[in-house]
Amino acid sequence: MPSIVTPGRFARLLDAAFATGTLTTIATGGALLGRGWREGEAGRVFRLAGRGLLERAGVTSAAAPLTSVALGYVHHLIIATAWGVLLALPVLALRGPVRLFAAVVAAFGYVVGAAYLLPPALRIGYAVTSNIPSAVPIGVALALALLGGIWLDDTEGHD
């Protein structure tokens, strides 16, 4: 019985998934910056995320205010890319309209999971996106990144 995903196809799928992870980081970063701008400070979400991470490690964030912003941004880079890759792998393996539907369902699943299941350290935006209204912009950005990843994956017809 032939494999659905051949070794060459899997390598291309991984490439597209990592590209989608990058799109996810960019799109969700924009959503987080927009939220910060709306609240008067563009880097607010990154600062709060970094502060939360520092305080979990026992460091007072007041002692290192710029470190908290940098740490929050690094957290975003790692977590958003990981979520983008993780969600892109099953979505990009599908074909046709099911693929489009799966991208939207995956983003919706992330929003619900972020609001009810995930610990803050595994959320895009750390604790700032801990409820449905605050996670929706992240979900929309994630859906757009996954849909963009579909067009990045140009493996149709190459096997």
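Predicted model: local features only at pLDDT ≥ 70, side-chain atom pairs only at ≥ 80, totals over all residues.

User: How many helices and strands does the protein chain hold?

Analyst: The protein chain has five helices and zero strands. Helices (H or I, at least four residues) and strands (E, at least two) are DSSP runs, numbered from the N terminus.

User: What makes Phe 46 and Tyr 73 an aromatic pair?

Analyst: Rings of Phe, Tyr and Trp (its six-membered ring) pair if their centres lie within 6.5 Å; planes under 30 degrees apart count as stacked, over 60 as edge-to-face and the rest as tilted. The structure holds two such aromatic pairs. For Phe 46 and Tyr 73, the centres are 5.5 Å apart and the planes stand at 80°, which gives an edge-to-face pair. Phe 46 belongs to helix 2 (residues 44–56) and Tyr 73 to helix 3, 27 residues apart, so this pair links distant parts of the chain.

User: Why is the pair of Trp 83 and Tyr 110 called edge-to-face?

Analyst: The ring centres of Trp 83 and Tyr 110 are 5.1 Å apart and the planes are at 70°, so the pair is edge-to-face. Trp 83 is in helix 3 and Tyr 110 in helix 4 (residues 97–116).

User: Is Phe 46 called buried or exposed, and why?

Analyst: Buried means under 20% relative accessible area, exposed over 50%, and partly exposed in between (1.4 Å probe, protein chains only). Phe 46 has 6% relative accessibility and therefore counts as buried. Trp 83 at 17% is buried, as is Tyr 110 at 4%. Tyr 73, with 42%, counts as partly exposed.

User: What makes Tyr 126 stand out in its backbone?

Analyst: Tyr 126 has a positive phi of about 55° although it is not a glycine. Tyr 126 lies in the loop between helix 4 and helix 5 (132–152), and its 7% relative accessibility makes it buried.

User: How much of the protein chain counts as buried?

Analyst: Of its 159 residues, 41% count as buried.

Terms used. Residues numbered from 1 in each chain as written. Heavy atoms only, no water.
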